[in-house]
Amino acid sequence: MDMGSTTMSKAATTTSMAMDMGTTVTSAAASASTTAAMDMDMGIGDCKISMLWNWSTVDSCFIAKPWHVTSNGMFAGCCIGVILLVMSLEFLRRLGKEYDRLILRQHTRQQASILSTNSMANSETGTGTSPATAGKDVAVACTPQSQSNRSAMTPFRPNIFQQMIRATLHMVSFTVAYFVMLLAMYYNGYIIISIIIGAWLGSFVFSWESVDVGGPKEEITVCCG
């Protein structure tokens, strides 16, 4: 009887210890899970970082910990900065298009100068057209070409210096666009609204240009490289 009682007592003690250990492990796992969830939602330290849609203002952090919003005025300044950042992206896109148009005009003037020189040389030797016809050819060469006539022009390829400038503009535009995407990934409603406002203002200011009434205008970058 004593041996049986001792065995049963040891078994009960072992079972109780196992249950206590299981409870402790479960509690530790639950605590770790809760802490991780709080870290994901609230961030580390005083930064509020959420992976869901939110309207956080004070104590919000963006991109890096030093970008820590500590007041409503600072958050308003951040929203204005985001608007200007998106507007700068539209400015860089317009700048790239204008630079492509510039080098294309330079190429057209160069071709017109070559045509004028050849026409004048032929007229002086008496083997070419008259000066009046040569002048007409130059005028035609300087006139903007239609889509069907553009293919007849000498193919244009930017030189290495021009291409370096085009690539630099593209790199800067890509970098700004990437930062805008990172800001949107914080799912802050105020920041996303600022991005939308910046896109509208940037398009309004920097995409306001004359439209070709003859039909859809091909992007100038297609002609340059």
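Q: What volume does the largest cavity have?
A: Rolling a probe the size of a water molecule over the atoms shows where empty space is left. On a 1 Å grid over the protein atoms alone, a cavity is a set of points where a 1.4 Å probe fits but cannot get out. A volume is the space filled by probe spheres set on the points, which are joined across faces, edges and corners. In this predicted model, local features need pLDDT of at least 70 and side-chain atom pairs count only at pLDDT 80 or more, while totals for chains, interfaces and linings use all residues. Here the largest cavity has a volume of about 50 Å³, and the structure holds one cavity of 30 Å³ or more.

Q: Which residues line the largest cavity?
A: Lining residues have an atom within 4 Å of a point. Residues are numbered from 1 along each chain as its sequence is written, and side-chain values use heavy atoms, with hydrogens and water left out. The lining consists of Lys 48, Ile 49, Ser 50, Asn 54, Ser 56, Ser 60, Cys 61, Phe 62, Tyr 186 and Asn 188.

Q: Is His 107 buried or exposed?
A: Buried means under 20% relative accessible area, exposed over 50%, and partly exposed in between (1.4 Å probe, protein chains only). His 107 counts as buried because its relative accessibility is 7%. Of the 225 residues of the protein chain, 24% count as buried.

Q: Which residues is His 107 in contact with, leaving aside its neighbours within four places in sequence?
A: Contact means heavy atoms within 4.5 Å. His 107 is in contact with Thr 154, Pro 155 and Phe 156, those neighbours being left aside.

Conventions. 1 Å grid on protein atoms, 1.4 Å probe; cavity = no way out; pocket = protein on both sides within 12 Å on 5 of 7 lines; lining within 4 Å.
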